[in-house]
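Visitor: I'd like to learn how to read helix packing and a ligand site in a model. Could you walk me through it?

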Amino acid sequence: MEEIRNQEQHRHEEDDDDDTISLDGSFFFNDNYQLTNFTFGSQEIQLFCLHAASTDFDLTGQVVWPGAILLNDYLSKNSEIFQGCAVIELGSGVGVTGILCSRFCQKVVLTDHNEEVLKILKKNIELHSVPENNCPTSHGLVAEKLEWGNSDQINEILQNHPGGFDFILGADICFQQSSIPLLFDTVKMLLLVKEDRECKFILAYVSRAKTIDMMIVNEALKHGLQMKELPGTRHIVGNLEGVIFEITLH
Ligand SMILES: C[S@@+](CC[C@H](N)C(=O)[O-])C[C@H]1O[C@@H](n2cnc3c(N)ncnc32)[C@H](O)[C@@H]1O
């Protein structure tokens, strides 16, 4: 009898083992980046990206989003505004916006919080850097890790770039409710640095949920920021409505 019970228990344990699903993280991860061409007005850019995102929690930055298309079209048409400026981009992903900007700006700091995204971002920066004096960032392009709301990381960036920035850029970075207040905290810290002339946050926003549409207006208000829609920037991108906002301290 005892032996039968033992056999039963053994069979149950085996059944439990059968129920365990073993899939390692690499099953959901794709880093088969493709060299891809983009055209924005008269500007052509070639860089590595995926054409569809990995099935993972936060690898949204591996693909180029509709907000980047909207912002890059605006930048290529208004490049004179950015001539010689210092720019920081938040949530850069593969870097298509910051890299375009480096053609007009004096300095562009591209940032992201995701380690895998930072790897492909750095690879794309290398692809676009002019190797002068063996310095891979001689073109004014640099990547830094920045998690919104992390004041240590923000302060480190400001120590490395003490003059602050003329523009903060963000393309398609308002899609997750929990990170929007932290995004605005970060923007406010960066806006406050520039004393001699006004710094502006240029946000290419693609509307996917009414709650987020309202949330960004409320967060701007809560942070004491002025938000205005840039005329002529409301367009359909990737079947959704996008618009560019200019957000400032006054
Ligand atoms: C939707 S993708 C947009 C990427 C790129 N700007 C574009 O338009 O193609 C959002 C980017 O923001 C980054 N991101 C998301 N949450 C973040 C956070 N809390 N701090 C910093 N970066 C974040 C992601 O890693 C990703 O690269």
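Visitor: How roughly do the axes of α7 and helix α8 cross, and within what distance do they come?

Guide: Two packed helices are described by the angle between their axes and the distance between the axes. Bear in mind that this is a predicted model. Here the axes of α7 and helix α8 (residues 210-222) cross at roughly 35° and come within 10 Å. The crossing in which α7 passes α8 is right-handed.

Visitor: Which residues of α7 and α8 make the contact?

Guide: On the α7 side they are I180, P181 and F184, and α8 brings in I212, M215, I216, E219 and A220. Sorted by class, the contact of α7 with α8 has seven nonpolar residues, one charged and no polar.

Visitor: Now for the other pair. At roughly what angle do α6 and α7 cross?

Guide: Helix α6 (residues 151-160) and helix α7 (residues 180-193) have axes that cross at roughly 25° and come within 11 Å. Angles under 35 degrees count as roughly parallel, so α6 is roughly parallel to α7. The crossing of α6 past α7 is right-handed.

Visitor: Which residues in α6 meet which in α7?

Guide: From α6 come S151, I154, N155 and L158, and they meet T186, M189, L190 and V193 in α7. By class, this contact of α6 with α7 has five nonpolar and three polar residues, with no charged ones.

Visitor: Let's turn to the ligand. How many residues surround the ligand, and which are the closest?

Guide: The ligand is surrounded by 18 residues, and the closest are W65, G91, D112, L146 and A171.

Visitor: Which ligand atom is 2.6 Å from a polar side-chain atom of D112?

Guide: That is an oxygen atom of the ligand. For G93, a polar backbone atom is 3.5 Å from an oxygen atom of the ligand. With E147, an N or O atom in the side chain is 3.3 Å from a nitrogen atom of the ligand.

Conventions: Residues numbered from 1 in each chain as written. Predicted model: local features only at pLDDT ≥ 70, side-chain atom pairs only at ≥ 80, totals over all residues. Heavy atoms only, no water. Axes fitted to C-alpha atoms, helices over the stretch in contact; angles between N-to-C directions. Helix = DSSP H or I, 4+ residues; strand = E, 2+ residues; numbered from the N terminus. Parallel < 35°, antiparallel > 145°, perpendicular 65-115°, else oblique. Left-handed = near helix turned anticlockwise from the far one by under 90°. Contact = heavy atoms within 4.5 Å. Nonpolar A, V, L, I, M, F, W, Y, C, P; charged D, E, K, R; others polar. Near = heavy atom within 4 Å. Polar contact = N/O pair within 3.5 Å; in protein donor to acceptor, adjacent residues only side chain to side chain.
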